[in-house]
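Hi everyone, thanks for coming. Please have a look at the structure on the screen, and then I'll walk you through it.

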Amino acid sequence: MEFDLVFEGGGAKGAVFVGALREFETRGHRARRFVGTSAGAITATLMAAGYKAADMDRAINEKLPDGKPRFSTFMDIAEDFAEADIRDSVTYAIFKQVDLPWIPDMAEGEIDERIFDQLMKVDAYREMFSFVERGGLYHGTKFLEWMREKLDADGRNLAGATLEAFAQRTGSDLTLVASDTAGREMLVLNRRTAPRCPVAWAVRMSMSIPFVWQEVVWQREWGTYRGADISGHTVVDGGVLSNFPIDLLSSKDDHTRALMGDTDPDAVSNMGFLIDEALPVPGAPEPSAPAGTEQLKGGLLDNVKRLRTVQRIQRLVDTMTDAHDKAAIVAHQGEVCRLPAKGYGTTEFDMSDERLQALIQAGLDTMKAYLDGRNL
């Protein structure tokens with residue numbers, strides 16, 4: 001059978017999709033349209049580019065020379081920042097206000113700059129600077145490199161493709177969801193709404209989890225969004241506004257048609273791949289202890305998570321996301337496969353092979369039971 005597919009966001013937990021898709025393919029099912037947010041955007045894009053479950057399995061199991069998962073490189077600390085951005089930052093302005101005792105005023109400015117330059121050579125400080133000034137700890141360049149590599153693999157040559165070119169070359173109807181924090185609106189990115197936007201950057205915007213990865217600034221050369229110039233707008237993870245946009249595949253109202261085109265939503269059934277953190281993963285070993293400590297050893301991510309302000313904002317984002325998608329999930333619950341991911345972290349990109357395989361197997365087993373239940 002043919003289905004319209006929607007994939008929820010969930011960071012590293014999105015590996016569960018691989019097992020689910022393996023069973024989906026084994027049954028001989030096909031996809032007509034692809035919609036995804038965040039981790040779901042990655043899966044939707046790879047599927048639209050012709051990837052099968054086996055290809056995705058190999059991709060998520062890639063290792064570095066030291067044996068660590070390649071996905072762990074997605075937590076990449078920015079190597080440098082533009083000089084103008086540093087000098088115009090709030091962080092630098094505050095630093096300049098510190099009065100250094102016993103230093104003559106005429107020499108203090110030069111000493112300030114030297115001290116700040118040395119601070120910017122420290123990974124942990126650049127990580128903090130990125131968090132404060134760019135909205136996320138990590139740069140996101142390594143992910144973008146990985147995404148482009150996959151889009152170019154096996155002669156696809158899609159790394160530099162715009163959403164319009166991607167649709168023409170693949171014949172796939174792909175839609176990715178992101179959040180425009182400057183325009184305060186949900187961006188539904190596809191060949192109809194943002195034809196000149198590069199597909200690799202569309203995925204990068206959709207997966208830009210607030211506080212984890214830097215915001216993306218919409219570039220003028222990416223063209224307009226639905227005819228409007230949004231150059232300079234900051235864009236983050238689509239999950240802030242809709243983590244499971246199944247309504248884009250089911251609604252028939254004029255607004256949705258303007259976003260998704262005139263494709264008849266009733267011509268095929270929908271299938272939603274929903275990550276359910278309440279469902280346990282059978283046989284999953286315990287995760288390794290977090291790297292963060294009170295002494296700020298290891299990465300800052302685990303330490304930043306302990307900040308009460310960040311926790312409050314994350315709860316607020318979760319509430320907004322749930323409120324937006326809950327009604328649609330209930331209305332289409334028969335078309336939603338709830339995939340287990342209890343105990344797995346959104347940023348657990350360095351999970352052990354045993355935990356990864358348990359998650360993938362849980363996705364396969366759950367999809368098998370789901371399809372059996374629908375007689376598919």
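Let's start with contacts, meaning heavy atoms within 4.5 Å. Among contacts in the protein chain between residues at least 6 apart in sequence, 77% link residues at least 24 apart. Before going on: this is a predicted model, where local features need pLDDT of at least 70 and side-chain atom pairs count only at pLDDT 80 or more, while totals for chains, interfaces and linings use all residues. Residues are numbered from 1 along each chain as its sequence is written, and side-chain values use heavy atoms, leaving out hydrogens and water.

How much of the chain is buried? Of its 376 residues, 51% are buried, which here means under 20% relative accessible area, with exposed being over 50% and partly exposed in between (1.4 Å probe, protein chains only).

Now the inside. In soluble globular proteins, nonpolar side chains tend to be buried together. A nonpolar core is a set of buried Ala, Val, Leu, Ile, Met, Phe, Trp, Tyr and Cys residues joined through side-chain atoms within 4.5 Å. The largest one has 96 residues, and Leu189, Trp218, Met271 and Phe273 touch the most other members. Helix H15, residues 353-373, gives the most to this core, with eight residues. Another core, of nine residues, lies apart from it and includes Phe95 and Tyr125.

And the overall layout? The chain has 15 helices and 10 strands, taken as DSSP runs numbered from the N terminus (helices: H or I, at least four residues; strands: E, at least two).
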